[in-house]
Amino acid sequence: MRHLPTAALLPAPADEDAPARLATADLRAGFGKARVLHGVSLGFLDRQVTAIIGPSGCGKSTLLRCLNRMHDTVPGSFVQGSVTLDGQDIYRGGIDANAVRRHMGMVLQRPTPFPTMSIRDNVLAGLRGHGQSKPSRGEADTIVEAALRRAALWDEVKDRLRTSALGLSGGQQQRLCIARALANGPQVLLLDEPTASLDPISTQRIEELVYELRHELTVVIVTHNMQQAARVSDRTAFMLAGELVEVAPTRTLFTTPADARTEAYITGRFG
Ligand SMILES: Nc1ncnc2c1ncn2[C@@H]1O[C@H](COP(=O)(O)OP(=O)(O)OP(=O)(O)O)[C@@H](O)[C@H]1O
């Protein structure tokens with residue numbers, strides 16, 4: 001088992017001047033009459049991990065799901081304001097919401113492998129689901145190996161690619177879900193409490209993976225676990241009751257937060 005570099009425990013301040021690849025502006029969203037997000041403006045920097053923390057129900061998952069247009073799949077949901085990816089408003093008329101979802105892979109709290117499919121077919125499932133032409137067998141082999149290697153799972157499954165994904169441990173299933181997201185070549189990876197259902201060893205593997213993936217992608221991770229945010233993220237955003245309280249380099253947010261509410265939360269006085 002490799003260990004995270006010590007520096008990762010509290011990463012150096014991120015380059016705040018780096019371009020925001022993904023950004024929300026005055027984002028308001030909710031379900032029917034229930035307003036969940038009250039005007040969130042937040043940039044996610046390229047090749048960095050941004051953690052979103054905050055008490056239960058403050059809107060972290062809703063924000064994440066607005067970023068890749070999953071939120072508007074819920075009947076009765078609404079979204080106002082804007083979300084831009086590389087400067088393009090992804091809610092603009094004429095934008096293909098499925099293409100947006102493909103460019104922003106998402107991994108949920110509980111591993112969600114397709115239960116009737118093999119490990120190999122799970123990795124390829126995302127490609128087929130988006131109407132792309134079916135890759136040749138050789139191309140598929142290449143895609144599967146590359147995605148599983150990037151998800152740090154290849155060595156554990158290379159000899160049983162055609163066996164059921166349900167034969168994997170929970171942590172392996174979660175890495176398989178990450179591989180499935182990566183197979184689409186996403187620009188952004190959205191992780192919604194990806195280790196909430198995992199044991200400590202599996203959690204560490206996922207954290208190592210997130211730490212590695214930030215070299216290639218824009219990563220956003222929702223987590224309840226402040227130590228996890230401190231270990232894996234470059235920047236951390238603190239949310240409360242549907243509002244962004246502050247966003248800062250992770251080290252700054254955890255050592256010298258600008259807002260008294262952030263300090264109260266990170267010192268365990270509420271939430
Ligand atoms: N499908 C839905 N329909 C109606 N309300 C919803 C729906 N999903 C979430 N909500 C409500 O939206 C609010 C924000 O939920 P959300 O899941 O975004 O918060 P969260 O900060 O991610 O919470 P947690 O940390 O507990 O996962 C909550 O009050 C929740 O009950």
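## Exercises on the ligand shell and the open sheet

α1 contributes the largest share of the shell around the ligand, namely three residues. Helices (H or I, at least four residues) and strands (E, at least two) are DSSP runs, numbered from the N terminus. The model is predicted: local features need pLDDT of at least 70, side-chain atom pairs count only at pLDDT 80 or more, and totals for chains, interfaces and linings use all residues. Residues are numbered from 1 along each chain as its sequence is written.

**Exercise 1.** Determine which elements each supply at least two residues of the shell around the ligand.

*Solution.* 
- A residue is near a molecule if its C-beta atom, placed from the backbone, lies within 6 Å of it.
- The ligand is surrounded by 13 residues, the closest being Phe31, Ser56, Lys60, Ser61 and Thr62.

**Exercise 2.** State the strand order of the open sheet and identify its edge strands.

*Solution.* 
- Two strands pair if DSSP finds at least two bridges between them.
- The six strands run in the order β6-β7-β8-β3-β9-β10, with mixed pairing.
- β6 (104-107) and β10 (243-249) each pair on one side only and are the edge strands.

**Exercise 3.** Describe the pairing of β3 with β8 and the packing of α1 on the sheet.

*Solution.* 
- β3 (residues 49-53) and β8 (residues 218-222) are parallel over four bridges.
- Isoleucine 52 has valine 222 in β8 as its bridge partner.
- α1 touches β3, β6, β7 (188-192), β8 and β9 (235-240), where contact requires C-beta atoms, placed from the backbone, within 7 Å.
- The direction of α1 makes about 155° with that of β8; axes are lines fitted to C-alpha atoms, for helices over the stretch in contact, and angles run from 0 to 180 degrees between N-to-C directions.

Terms used. Two residues are in contact if their C-beta atoms, placed from the backbone, lie within 7 Å.
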